[in-house]
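Please look over the sequence and the structure shown here before reading the report that follows. The report begins with the overall fold and then turns to a few individual residues.

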Amino acid sequence: MKLVILRTDIKTKKKVKLMKPVFNNHPIISRWSIDTEDIDNVLRIEAEDSLHVDDVKKLVVENGFYCEDLV
């Protein structure tokens, strides 16, 4: 199991709903959440080990949002 944690600009529940089908229909993502209460709007993904962070970043950007590694 791999854990990916990223900072995003997904700041509202409405924007989270836009990402819901993207993550829910991804074959190797088992769980995900976006904390809109956190200043960094943290995206947390649990997935199979074969998931690459760059693939997650690409999915987010392709859907009109920004993300980066949480340092």
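This is a predicted model: local features need pLDDT of at least 70, side-chain atom pairs count only at pLDDT 80 or more; totals for chains, interfaces and linings use all residues.

## Overall fold

The protein contains two helices and four strands, and, when these are read along the sequence, they follow the pattern β-α-β-β-α-β. The radius of gyration is 11 Å, close to the 11 Å that the globule rule gives for 71 residues, so the protein is as compact as a globular protein of that length.

Taken along the principal axes, the box filled by the C-alpha atoms is roughly 30 × 25 × 20 Å. Among contacts between residues at least 6 apart in sequence, 59% join residues at least 24 apart.

## Surface and charges

Of the 71 residues of the protein, 35% count as buried. The accessible surface comes to about 4700 Å², and carbon and sulfur atoms account for 51% of this surface.

The protein has 12 positive and 13 negative charges, and the mean position of the positive charges is 7 Å apart from the mean position of the negative ones.

## An aromatic pair

A pair of aromatic rings is described by the distance of the centres and the angle of the planes. In this protein the count comes to one aromatic pair. Phe23 and Trp32 form this pair, with 5.0 Å from centre to centre and 50° between the planes, and the arrangement is classed as tilted.

## Asn41, a buried loop residue

Asn41 lies in the loop between strand E2 (29-35) and strand E3 (42-47). Is Asn41 buried or exposed? Its relative accessibility is 5%, and so Asn41 counts as buried, since the cut-off is under 20%.

When neighbours within four places in sequence are left aside, Asn41 is in contact with Leu6, Arg7, Thr8, Ile10, Lys11, Ile34, Asp35 and Thr36.

## Lys2, a partly exposed strand residue

Lys2 belongs to strand E1 (residues 2-8). Its relative accessible area is 24%, and because this value falls between the limits of 20% and 50%, Lys2 is described as partly exposed.

Not counting residues up to four places away in sequence, Lys2 touches Ile45, Glu46, Ala47, Glu48, Asp49, Leu51 and His52. Lys2 and Ile29 are 27 residues apart along the chain, and their C-alpha atoms are separated by 9.4 Å.

Key: Residues are numbered from 1 along each chain as its sequence is written. Side-chain values use heavy atoms; hydrogens and water are left out. Rings of Phe, Tyr and Trp (its six-membered ring) pair if their centres lie within 6.5 Å; planes under 30 degrees apart count as stacked, over 60 as edge-to-face and the rest as tilted. The radius of gyration is taken over C-alpha atoms; the globule rule is 2.2 Å times the number of residues to the power 0.38. Buried means under 20% relative accessible area, exposed over 50%, partly exposed in between (1.4 Å probe, protein chains only). Contact means heavy atoms within 4.5 Å. Accessible areas come from the Shrake-Rupley method with a 1.4 Å probe; for residues, only the protein chains shown count as cover. Lys and Arg count as positive and Asp and Glu as negative; His and the chain ends are not counted. The place of a charge is taken as NZ of Lys, CZ of Arg, CG of Asp or CD of Glu.
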